[in-house]
Amino acid sequence: DPTMRVVGISATWDFNSDGFAFVEDCLELGAGRYLDVISLHPYTWPRAPEERGVEQMLALVRRLRDTHAPHAEIWATEWSYVSPVCEPGRPVTQKGAEVTDPFGNSALDVAAFYVRSALLHLAGGCERTSVMGSIADGHVPYRGAGMTWVDYDNTPLPVYLAWHELVRHVAGARFERRADLPDAFRGLLWQDDADDARELILWQTQSGTWDAGPIAPDLEVRDVFGRKLSGRLTVSATPVYITGNPSAMMELLGRFAAGKTPGP
């Protein structure tokens, strides 16, 4: 049926498994002739996507696709992170007074990992990215909440709110390029062709914060939940959305690229 869209391979990257060799073998054996879409399961949990090498993995898959199936799209069709839950009496893990997932990640850490992963998928050549799981379950091996965006009482967890904000910013936008920044940072530039707006999504890949100085008056900065920020721009492992004057945006990126910490 020529009207059907065939999606396949679905190799999983999870903990110590690496699906690249499987994708390579399938394509070298001719699977590309029967596929419209190469699908991947780029799990990186419990670690951050940059730490697990998702950018390098996607670059290798693009190279294989271009060689063996240049007609095919690439989709991330299943991936997720364990999310901490807060409802009393349900399976949770605690580190002091802070509720965390079984691996010690806080709810904000997990929300940041989701957003960073999705952005890297879309910037790395994926036409689509789809998350697995939404309802808390508490089953092993996913002690805590399992792959979930809502608590046991259906209260939205931080990742749900962060994902909603992510969609608001990138739906309908076109990925432009990755900014040339030190490896500890990621800066992705997007273009909304509908209203000719440009957006920079910026984060740090390691713990700690970097003070980027006062927010320029012609830039608007919002946090991962969409709250408008004022005063000084502090860049951490949680992405921020920056829109406004392109010149001011480029000047900000120039400070990062030069590694300059601004004065008070």
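## Ground rules

Two strands count as paired if DSSP finds at least two bridges between them. The strands themselves (E, at least two residues) and the helices (H or I, at least four) are DSSP runs, numbered from the N terminus. What you have here is a predicted model, where local features need pLDDT of at least 70, side-chain atom pairs count only at pLDDT 80 or more, and totals for chains, interfaces and linings use all residues. Residues are numbered from 1 along each chain as its sequence is written, and side-chain values use heavy atoms, with hydrogens and water left out.

## Strand E8 and its two partners

Let's start with E7 (residues 174–178) and E8 (residues 185–192). They make a hairpin with 6 residues between them, pairing in the antiparallel sense over 4 bridges. Across that pairing, Phe 175 sits opposite Trp 190 in E8.

E8 also pairs with E9 (residues 197–204), again antiparallel, and here 8 bridges do the joining. Leu 188 faces Ile 201 of E9. This is a hairpin too, with 4 residues between the strands, and Asp 196 in the turn has a positive phi of about 60°. How much of E8 is buried? 7 of its 8 residues are, where buried means under 20% relative accessible area, exposed over 50%, and partly exposed in between (1.4 Å probe, protein chains only).

## Salt bridges across the chain

Side chains of opposite charge can pair when their charged atoms come close. The cut-off used here is a side-chain nitrogen of Lys or Arg within 4 Å of a carboxyl oxygen of Asp or Glu, and a search of the whole structure turns up 13 salt bridges. One of them joins Glu 50 to Arg 116, with the closest N and O atoms 2.7 Å apart. Glu 50 is in the loop between strand E2 (37–42) and helix H2 (54–68), while Arg 116 is in helix H3 (residues 107–123), so the pair ties together parts 66 residues apart in sequence. Both Glu 50 and Arg 116 are buried.

Another salt bridge brings Glu 55 and Arg 178 together at 3.0 Å, N to O. Glu 55 counts as buried because its relative accessibility is 16%; Arg 178, at 39%, counts as partly exposed. Glu 55 and Arg 178 also belong to a salt-bridge network with Asp 183 and Arg 186.
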